[in-house]
Amino acid sequence: MKSTFHFHERQAGQFFGLIEGTISYVNPIFITVFKTFLKDKDKSLNAMDLSY
C-alpha cells in the first residue's frame with residue numbers, strides 16, 4: 001500500500017494527500033482509521049520527524 005510506503009519514507013505530504021484523496025470512497029471500515037490519522041495529524045507528523 002502506498003500510504004505505508006510514504007509513512008515509512010517520512011513523506012508527510014504524500015501520506016496525508018493519499019488519505020484525504022481517498023477517504024470519500026474507501027471501505028467504511030477504514031474511514032475511522034483515516035479520520036483518526038487526520039485528527040491526530042500532529043502526532044503522526046511528530047512520529048515522522050523523530051528517529052525511531
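Biologist: Which residues of H3 meet which residues in H4?

Modeller: Keep in mind that this is a predicted model. To read a helix contact, look at who sits on each side. From H3 come Phe-37, Leu-38 and Lys-39, and across from them in H4 are Lys-41, Asp-42 and Ser-44. Sort those contact residues by type and you get two nonpolar, one polar and three charged.

Biologist: At what angle do the axes of H3 and H4 cross?

Modeller: Draw a line through each helix and compare the two. Here the axes of H3 (residues 28-39) and H4 (residues 41-49) cross at roughly 75° and come within 4 Å. An angle from 65 to 115 degrees counts as roughly perpendicular, so H3 is roughly perpendicular to H4.

Biologist: Okay, on to H2. Which residues in helix H2 are buried?

Modeller: General idea first: an α-helix has 3.6 residues a turn, so residues three or four places apart point the same way. Now the case here: in H2, residues 12-22, the buried ones are Phe-15, Phe-16 and Ile-19. Looking down the axis of H2, they fall within an arc of 85°, so they line one face of the helix.

Biologist: And which residues make up the largest nonpolar core?

Modeller: There are six: Phe-15, Phe-16, Ile-19, Ile-23, Phe-34 and Met-48. H2 gives the most to this core, three residues.

Biologist: How many helices and strands does the chain have?

Modeller: Four helices and zero strands. Of the chain's 52 residues, 17% count as buried.

Definitions and conventions:
Residues numbered from 1 in each chain as written. Predicted model: local features only at pLDDT ≥ 70, side-chain atom pairs only at ≥ 80, totals over all residues. Heavy atoms only, no water. Buried < 20%, exposed > 50% of the residue type's maximum accessible area, 1.4 Å probe, protein only. Arc of directions from axis to C-beta. Axes fitted to C-alpha atoms, helices over the stretch in contact; angles between N-to-C directions. Parallel < 35°, antiparallel > 145°, perpendicular 65-115°, else oblique. Contact = heavy atoms within 4.5 Å. Nonpolar A, V, L, I, M, F, W, Y, C, P; charged D, E, K, R; others polar. Core = buried A, V, L, I, M, F, W, Y, C linked by side-chain atoms within 4.5 Å.
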